[in-house]
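Reader: I want to learn how to read a model like this one. Please take me through it feature by feature.

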Amino acid sequence: MVEVRFTLRQTLRVSLLLLAALAFAPAYAGSDEVIVDEAWSRASIGTSRPGVVYMTIRNEGNESRKLSAVTTDLAARAEIHQTSTNERGVSSMSRVEELEVPAGSSVALEPGGLHVMLMGLQRSMKRGESFSLTLVLDEGVVEVEVPILGFTSRGPER
């Protein structure tokens, strides 16, 4: 028999986490209508630079859905960003507060456009590994397992 002992502080932390999870469970029941296809990321050089995630988000429902947040334990912050290029060829990125996925349609997050930025990486992103990403929608959440491809990858091979 294995005996496991916790300090009072550890016990309180676990208890608070479980209570929080139970309190928010109904609000985050999941979304059967929103499907993520071909999620992928690139390997990182250490943790000092941000990571990136690309995917296609499909809404098979009859109502528009809004993506308001993205979370992962891989990074301190995950944000939706849009890359745009002006008439002089200068590219810049800006944060997107909310991303609408119209009913019966899809939104592509791809290089040079919309994407998820992973800031404050907690560990290096290594080719061949994967990590969990949670998309927080107005109607539930979608959990995605994101494979990490090579540094120079342009997407999953088809």
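Author: Residues are numbered from 1 along each chain as its sequence is written, and side-chain values use heavy atoms, with hydrogens and water left out.

Reader: What is the mean pLDDT of the chain?

Author: pLDDT is the predictor's confidence in each residue, from 0 to 100. The chain's mean is 82, and 79% of its residues reach 70 or more. Over residues 10-29 the pLDDT is below 50. That stretch has seven contacts (heavy atoms within 4.5 Å) beyond near neighbours in sequence. Where pLDDT is low, the predicted coordinates should not be read in detail.

Reader: Which residues lie nearest the centre of the largest pocket?

Author: Rolling a probe the size of a water molecule over the atoms shows where empty space is left. A pocket here is an open set of points on a 1 Å grid over the protein atoms alone, where a 1.4 Å probe fits, with protein on both sides within 12 Å along at least five of seven lines; lining residues have an atom within 4 Å of a point. R42, A43, P50, G51 and V52 lie nearest the centre, out of 13 lining residues. The volume is about 280 Å³, taken as the space filled by probe spheres set on the points, which are joined across faces, edges and corners. Strand β2 (residues 51-59) gives the most to the lining, three residues. Strands are DSSP runs of E, at least two residues, numbered from the N terminus.

Reader: How many bridges join β4 to β5?

Author: Strands pair if DSSP finds at least two bridges between them. Five bridges join β4 (residues 75-85) to β5 (residues 91-95), and the two run antiparallel. T83 lies in β4 and stands opposite M93 in β5. The hairpin has five residues between its strands, and G89 there takes a positive phi near 85°.

Reader: Is T83 buried or exposed?

Author: Buried means under 20% relative accessible area, exposed over 50%, partly exposed in between (1.4 Å probe, protein chains only). T83 is buried because its relative accessible area is 17%. V116, in strand β8 (residues 114-121), is buried at 1%. V116 and I80 are 36 residues apart in sequence, yet 4.5 Å apart in space, C-alpha to C-alpha.

Reader: What is the phi of E38?

Author: Most residues other than glycine have a negative phi. E38 has a positive phi, near 50°. E38 sits in strand β1 (residues 34-42) and is partly exposed, at 41%.

Technical notes
This is a predicted model: local features need pLDDT of at least 70, side-chain atom pairs count only at pLDDT 80 or more; totals for chains, interfaces and linings use all residues. Helices (H or I, at least four residues) and strands (E, at least two) are DSSP runs, numbered from the N terminus.
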